[in-house]
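Please keep the sequence and the 3D view open while reading.

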Amino acid sequence: MDTAHQLAFSVGLTGGIGCGKSTVADMFAALGASVIDTDQIAHALTAPHGAAMPALLAEFGEDFATPEGALDRARMRALVFSDATARARLEAILHPRIREATAAAAAIAGGDYVIFVVPLLIESGTWRERVTRVLAIDCPEELQVARVMARSGITEAQVRAIMAAQVTREQRRAAADDIIVNDDGLDALRPQVEILHAMYLSQSKRT
């Protein structure tokens with residue numbers, strides 16, 4: 001069953017790489033929201049013995065598994081960035097499974113309302129219809145690059161290639177119902193989260 005039919009009120013949280021989606025999601029969770037992170041679901045599906053691994057290895061070959069039996073993310077990332085058809089094949093396997101696991105998690109969520117963390121919410125095309133509101137976490141692009149390089153140890157060119165595969169900052173802001181700006185530390189972030197949480201709480205009670 002589609003999550004949209006199960007939930008009267010839900011929020012889709014999105015943002016470019018390095019914008020601080022997880023930090024913001026943790027703040028909402030601390031205030032009482034149920035947070036369902038599609039990236040975490042994808043990681044579980046592609047971990048050793050993950051539910052998606054048999055289909056992925058059948059499609060792409062045993063070379064795409066690590067010695068432990070997880071998806072070799074670096075190898076897959078290199079493939080999908082150079083081959084659009086490979087990306088489509090990967091998504092055809094992962095997206096239905098992510099959607100199913102997301103719906104199952106939402107069905108048993110016990111929070112005041114549900115926040116779905118979806119990095120490619122706007123790019124995916126289907127998520128916009130499945131949530132009540134879209135919340136974009138926004139920050140300057142140079143800050144995105146610096147954060148990801150510091151966190152992941154990858155080059156600026158690699159970060160910019162990932163960013164180029166996502167919608168632009170302007171497109172993300174235009175598609176959002178709500179925006180949190182994450183460019184000035186936790187003390188500036190927290191009041192923005194608290195204001196939106198109060199609004200979401202009020203809306204969820206009305207619905």
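## The cavity

A search of the whole structure finds one cavity of 30 Å³ or more, where a cavity is a set of points, on a 1 Å grid over the protein atoms alone, at which a 1.4 Å probe fits but cannot get out. The model is predicted, so local features need pLDDT of at least 70 and side-chain atom pairs count only at pLDDT 80 or more, while totals for chains, interfaces and linings use all residues. Residues are numbered from 1 along each chain as its sequence is written, and side-chain values use heavy atoms, with hydrogens and water left out.

The lining of this largest cavity, meaning residues with an atom within 4 Å of a point, consists of C19, A136, I137, D138, C139, R169, R172, R173 and I179. The elements that contribute two or more residues to it are β4 (133-138) and α10 (169-175); helices (H or I, at least four residues) and strands (E, at least two) are DSSP runs numbered from the N terminus. By class, the lining has five nonpolar, no polar and four charged residues, with Ala, Val, Leu, Ile, Met, Phe, Trp, Tyr, Cys and Pro counted as nonpolar, Asp, Glu, Lys and Arg as charged, and the others, Gly among them, as polar.

## The largest pocket

About 1800 Å³ of space lies in the largest pocket, a pocket being an open set of points with protein on both sides within 12 Å along at least five of seven lines. It is lined by 48 residues, and D39, H43, P119, L120 and Q166 are those that lie nearest its centre. Two or more lining residues come from each of α2 (21-31), α3 (38-45), α5 (73-82), α6 (84-107), α7 (121-124), α8 (141-152) and α9 (156-164). The lining divides into 22 nonpolar, 15 polar and eleven charged residues.

## Helix α2 against α11

The axes of α2 and helix α11 (residues 186-206) come within 10 Å and cross at roughly 50 degrees, axes being lines fitted to C-alpha atoms, for helices over the stretch in contact, with angles that run from 0 to 180 degrees between N-to-C directions. That angle makes α2 oblique to α11, because angles under 35 degrees count as roughly parallel, over 145 as roughly antiparallel, 65 to 115 as roughly perpendicular and the rest as oblique. The crossing is right-handed, a term used if the near helix is turned clockwise from the far one by less than a right angle, whereas anticlockwise is left-handed.

On the α2 side the contact (heavy atoms within 4.5 Å) is made by T23, V24, M27, F28 and L31, and on the α11 side by L186, L189, R190, V193, E194, L196, H197 and Y200. Nine of these residues are nonpolar, two polar and two charged.

## Two further helix pairs

Helices α3 and α6 have axes that come within 10 Å and cross at roughly 115 degrees, and α3 passes α6 in a right-handed crossing. T38, I41, A42 and L45 of α3 meet L94, R97, I98, A101 and T102 of α6, a set with six nonpolar, two polar and one charged residue.

For α8 and α9, the axes come within 9 Å and cross at roughly 125 degrees, which makes α8 oblique to α9. This crossing, too, is right-handed. E141, E142, Q144, V145, V148 and M149 in α8 touch E156, V159, R160 and M163 in α9, giving five nonpolar, one polar and four charged residues.

Key: Grid points are joined across faces, edges and corners, and a volume is the space filled by probe spheres set on the points.
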